[in-house]
Amino acid sequence: MRVLVTGGAGFIGSHLVDALLARGNEVGAVDDLSTGSLDNLKSAFGHTTFHFVEGSVMDPAVVGDLVPLVDEVYHLAAAVGVKFVLDNPLRSLLTNIRGTEVVLEAANQAGNKKVVLFSSSEVYGKGASIPFRESDDRLLGPTSVLRWSYAASKAVDEFLALGYYHERRLPVVVVRCFNTCGPRQSPHYGMVIPRFVERALADDPILVYGDGLQSRCFSSVHDVVRGVLMLADDPRAYGEVFNIGTMEEVSVGDLARRIKTLTDSRSVIESVEYEAIYGSRFEDMQRRVPDLAKIHALVGYEPRVTLEELLRETI
């Protein structure tokens, strides 16, 4: 099979490229390298069946040339990380919404090629119903708080994908990722595990934003890629939205302590107010836990990598 991965030089994208190549597929990756890195594709470049194009998904000419050459598209190209979104709110919105529109239209024009759209748990916003189910209502903060612009843009992406499915019968699958982590993830865009690990290894202070009681479920990129491929292989997933990740929950404060122990670090753990890092443009949510019943019922997905294993591999 011939496959295109947008954002293929990014963290998740590059792991997906590796998995697709391991399956024997011919894989193309397109990335503008604004946040991705060719270093992530070192293994892929060793395959004669891998092809890389430097370009933007917001360029209809680039996307329009590539999509007709493949059988399916995995669309990951998007703004990366809270810090990047807050520093580049307009660019992030345009990349997420316009880029998705270009990819979906190209897939439709090329003969209804399958598209797997990567969305985010951010779309749930401040929802208080734990765990989050795909059918839950969403609760977002005010538009004056830029953090919610990312959640809104990913929700628009989902509406676009589902609109193409319902009106034009484009085979689409939407996956909502919950804090995907692992090797190759950069600490430069606010991602908490690589940020903590980098500081712990250097014996620098580990900075915990807020009171550290906020909790997350950190998913291994290997589990996420495996689950996505399971969904992509099953036509029953077309036109549906799925959570993907793990339900193993940990507070950010405890995460810092576990990383300090695993790295045998001399770092001190310090609390920092959100405002000192993000100013008034940021608002956080206390818990984020996925309900995985839907993906398990359809394809039997269960996470295999524990948090302990994820942290050791990342370190």
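How many residues does helix 5 have, and how far does helix 5 reach from its first C-alpha to its last? Helix 5 (residues 147-168) has 22 residues and reaches 32 Å. That is close to the 32 Å expected at 1.5 Å a residue, where the expected span is 1.5 Å times one less than the number of residues. Just after helix 5, Arg169 takes a positive phi of about 60°.

## Basis of the model

This is a predicted model: local features need pLDDT of at least 70, side-chain atom pairs count only at pLDDT 80 or more, and totals for chains, interfaces and linings use all residues. Residues are numbered from 1 along each chain as its sequence is written, and side-chain values use heavy atoms, with hydrogens and water left out.

## Overall fold

The protein has 11 helices and 13 strands. These are DSSP runs numbered from the N terminus: helices are H or I with at least four residues, strands are E with at least two. The radius of gyration is 19 Å, close to the 20 Å from the globule rule for 315 residues, so the protein is as compact as a globular protein of that length. That radius is taken over C-alpha atoms, and the rule is 2.2 Å times the number of residues to the power 0.38. Along the principal axes, the C-alpha atoms fill a box of roughly 55 × 45 × 40 Å.

Contact means heavy atoms within 4.5 Å. Of the contacts with a separation of 6 or more, 79% are between residues 24 or more positions apart.

## Burial and charge

Buried residues make up 55% of the 315 residues. Buried means under 20% relative accessible area, exposed over 50%, and partly exposed in between (1.4 Å probe, protein chains only).

The protein carries 32 positive and 42 negative charges, and their mean positions are 1 Å apart. Lys and Arg count as positive, Asp and Glu as negative; His and the chain ends are not counted. Each charge is placed at NZ of Lys, CZ of Arg, CG of Asp or CD of Glu.

Helix 7 (residues 221-232) has 12 residues, which should span 16 Å at 1.5 Å a residue; its end C-alpha atoms are 16 Å apart, which agrees.

At 24% relative accessibility, Met230 counts as partly exposed. Met230 touches Val299, Gly300 and Tyr301, not counting residues up to four places away in sequence. Leu90 is 140 residues from Met230 in sequence and 34 Å away in space, C-alpha to C-alpha.
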